[in-house]
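Biologist: Hi! Could you walk me through this model in plain words?

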Amino acid sequence: MNDTDYISIAALNQYAYCPHRCWRMFCAGEFADNSYTIEGTDLHQRVHTVGEGHREETWQVRAIWLKSERCKLIGKSDLIEATDGELYPVEYKRGHTGEWDNDELQVCAQALCLEEMTGQTITTGYIYYAHSHQRTKVEITAELRESAIATIQSVQNLLATGLMPKAVYSPRCKGCSLYSQCLPQAADKVGRYQEAN
Ligand code: SF4
């Protein structure tokens with residue numbers, strides 16, 4: 001990776017979900033669909049129709065690219081809105097409210113890009129969950145910003161070194177489309193055997 005390379009905001013989300021999954025997708029070039037990823041892709045295809053307009057007093061633009069030179073980030077937004085002059089990103093997700101915190105990180109990364117592109121401080125973002133049809137507010141706090149910056153650095157390091165993070169079995173594995181390639185429980189057992197011998 002060199003200075004001119006950008007990392008995708010989606011890679012941050014994947015890393016925060018599971019560093020090993022991020023390595024498989026962005027270093028090893030693996031991908032597999034399951035019902036969750038297919039549903040997510042369908043949702044984003046519906047959302048990613050470029051367009052600009054108003055919903056009552058709120059200005060909206062869909063599917064525009066966001067970029068940060070400072071953070072070396074790039075990614076496509078689902079929806080950017082402005083109400084009373086305040087801009088904020090809205091990310092669409094297929095699941096339910098509060099399932100995993102990696103979605104908040106993704107919204108924060110979009111806010112960092114939007115700040116650099118507009119010069120405006122972004123204090124809020126939203127996640128729209130398609131199953132519950134609810135928007136969850138994401139406060140762009142100093143803590144979330146720090147977490148996003150740390151994750152950006154981890155992903156940059158991962159892409160630069162190509163070193164594979166260990167697969168660690170967790171509840172997240174149940175929804176992971178790379179489960180059958182990864183076999184995290186077997187990897188855990190073999191790793192424990194190797195450490196003991
Ligand atoms: S199965 Fe689990 S450990 Fe393996 S890539 Fe998926 S989430 Fe990560």
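Modeller: Happy to; we can go from the overall fold to the ligand, the core, the sheets and a few single residues.

Biologist: Great. What kind of model is this, and how are residues numbered?

Modeller: This is a predicted model, where local features need pLDDT of at least 70, side-chain atom pairs count only at pLDDT 80 or more, and totals for chains, interfaces and linings use all residues. Residues are numbered from 1 along each chain as its sequence is written.

Biologist: How many helices and strands does the protein chain have?

Modeller: The protein chain has 7 helices and 9 strands. Helices (H or I, at least four residues) and strands (E, at least two) are DSSP runs, numbered from the N terminus.

Biologist: What share of the residues is buried?

Modeller: Of the 197 residues, 29% count as buried. Buried means 20 or more other C-beta atoms within 10 Å of a residue's own, exposed means 12 or fewer, and partly exposed is in between, with C-beta atoms placed from the backbone.

Biologist: Switching to the ligand: which residues are closest?

Modeller: The closest are C18, R21, C173, C176 and C182, out of 13 residues that surround the ligand. A residue belongs there if its C-beta atom, placed from the backbone, lies within 6 Å of the molecule. Helices α2 (19-26) and α6 (179-182) are the elements that give two or more residues to this shell, and α2 has the largest share with 3 residues.

Biologist: How many of the shell residues are nonpolar, polar or charged?

Modeller: The shell has 9 nonpolar, 1 polar and 3 charged residues. Here Ala, Val, Leu, Ile, Met, Phe, Trp, Tyr, Cys and Pro count as nonpolar, Asp, Glu, Lys and Arg as charged, and the others, Gly among them, as polar.

Biologist: Back to α2: is this helix mostly covered or open?

Modeller: Mostly covered, as 6 of its 8 residues are buried. They are H20, R21, C22, W23, R24 and F26. The cover over these residues includes α1, α5 and α6.

Biologist: Which residues touch the most others in the largest nonpolar core?

Modeller: In that core of 35 residues, L12, C22, L73, C108, A109, L112 and V155 touch the most other members. At least two residues each come from α1 (9-17), α2, β7 (86-93), α4 (102-118) and α5 (142-161), and α4 gives the most, with 8. A nonpolar core is a set of buried Ala, Val, Leu, Ile, Met, Phe, Trp, Tyr and Cys residues joined through C-beta atoms within 7 Å.

Biologist: What does L73 touch?

Modeller: Leaving out residues up to four places away in sequence, L73 touches Y6, I7, I9, K67, S68, A109, L112, C113 and I152.

Biologist: Now the strands. How do β2 and β3 pair?

Modeller: Strands β2 (residues 51-55) and β3 (residues 58-62) are antiparallel, with 5 bridges, and G53 stands opposite Q60. Two strands pair if DSSP finds at least two bridges between them. β3 also pairs with β6 (residues 79-83) in the antiparallel sense, over 4 bridges.

Biologist: Which strands stand at the edges of the open sheet?

Modeller: The sheet has 3 strands in the order β1-β5-β4, with mixed pairing. β1 (7-8) and β4 (65-68) are at the edges, each with a single partner strand, so one side of each has no neighbour in the sheet. β4 runs antiparallel to β5 (residues 73-76), joined by 4 bridges, and L66 stands opposite G75.

Biologist: Which loop holds E56?

Modeller: E56 lies in the loop between β2 and β3. Its phi is near 55°, a positive value in a residue other than glycine. E56 counts as exposed because 5 other C-beta atoms are within 10 Å.

Biologist: And where is D84?

Modeller: D84 is in the loop between β6 and β7, and has a positive phi of about 50° although it is not a glycine. With 6 C-beta neighbours inside 10 Å, D84 is exposed.

How values were computed
Two residues are in contact if their C-beta atoms, placed from the backbone, lie within 7 Å.
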